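Hi everyone, thanks for coming.

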Amino acid sequence: MAESTIAYEDQAQEQPGKPRRRRGVTVFLAFLLLPVLALGVLRLGGIDGNNLTVAALSLTPYAAGFGLLVTLVCLLLRRRSLTLIGLVASLSLGVLLLPRILPDGDPMPQGQHLRVLTANLMLGKADPQTLVNLVRDTRTEVLFLQELTPAALDALDAAGVDRLLPYRVVRPMGGASGSGILAKVPLRQIVLVENTVLENPAAVLDLSGPVDIEVVAVHIVPPVNSDTDRKTWQRELASLPNPDSDGRPRILAGDFNATLDHNALTSFMARGYDDGAEKAGEGMRPTWSSLSDFGPPVTIDHILVDRRIAVPNAAVYDLPGSDHNALFAEVALPD
């Protein structure tokens, strides 16, 4: 009888601990879902008003995947309320991401096709021969370059880019400021972007077909170094040229230092631009990762086309020596 009483008392002492452990697991799971919920509010609300939110929003694809993983754990542990909350938050982000992996399926214009490539050379350090080989292999007709230094342009010419793309509008400069446009067909320099920290040259591309186009090599200042840089980033994105529905079709390509989850970029695109990689179902391909700092790859390089232009194909290629990948797209112009 004494042994039974002791066993009963031991069980009674253990019971209060179990609810506490269950509550601890619930609190921990809720803590894991909190950043997913917060990011969903920022993304759906179009809030990128400080450096922290700008950096966080670039991780939206990762947050959606992480949220689904935590939601699965909540389901297995029978946390019904947390499962529902996590599912709603993750799927809300997933709905925004889905168009990036599905080709748009729009009717293809019957005009000329053009093959374009953009590459950030990382202070001119990208391997020139790899880039020239890429131009040759993809049969690129227009090459957009950022962080183009005089030495990098000389190295590209020595590797043979001048024979493949003999026409150019370039502004090579030291550091990260220089940019350029190299083409297989004649270019005429124009001014479409002014008052930016980095160079954003523009040109009219003299095509053989009935439609000429305007092109801009874009390089927007990074937003996360200071609050001043963030405000400049927002201003420069907002000041990019609107598409001219009565004029030439327009392509803007380069390093926007923004993902499709940043309101500063999507608000500009809402004026009449589409992301070429997204139209081709390749919008989730990352284009940049820091070589020195910890952080997952993100997609900050874009080929934006006005809505008269279709994009049947897009691809991302490694670029040794640079912290960016090269982004390629085949575009179909209106007839």
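Let's begin with helix 6, residues 128-138, where Leu-131, Val-132, Leu-134, Val-135 and Thr-138 are buried. Buried means under 20% relative accessible area, exposed over 50%, and partly exposed in between, with a 1.4 Å probe and protein chains only. Looking down the axis, those buried residues fall within an arc of 155 degrees, so they line one face of the helix; the arc is taken from the directions from the helix axis to the C-beta atoms. Helices (H or I, at least four residues) and strands (E, at least two) are DSSP runs, numbered from the N terminus.

A quick word on the source: this is a predicted model, where local features need pLDDT of at least 70, side-chain atom pairs count only at pLDDT 80 or more, and totals for chains, interfaces and linings use all residues. Residues are numbered from 1 along each chain as its sequence is written, and side-chain values use heavy atoms, leaving out hydrogens and water.

Now, the charged pairs. The structure holds 15 salt bridges, each a side-chain nitrogen of Lys or Arg within 4 Å of a carboxyl oxygen of Asp or Glu. One of them joins Asp-261 and Arg-100, at 2.7 Å from N to O. Asp-261 sits in the loop between strand 8 and helix 10, and Arg-100 in the loop between helix 5 and strand 1, so the pair ties together parts 161 residues apart in sequence. Asp-261 is buried at 3%, and Arg-100 is buried at 4%.
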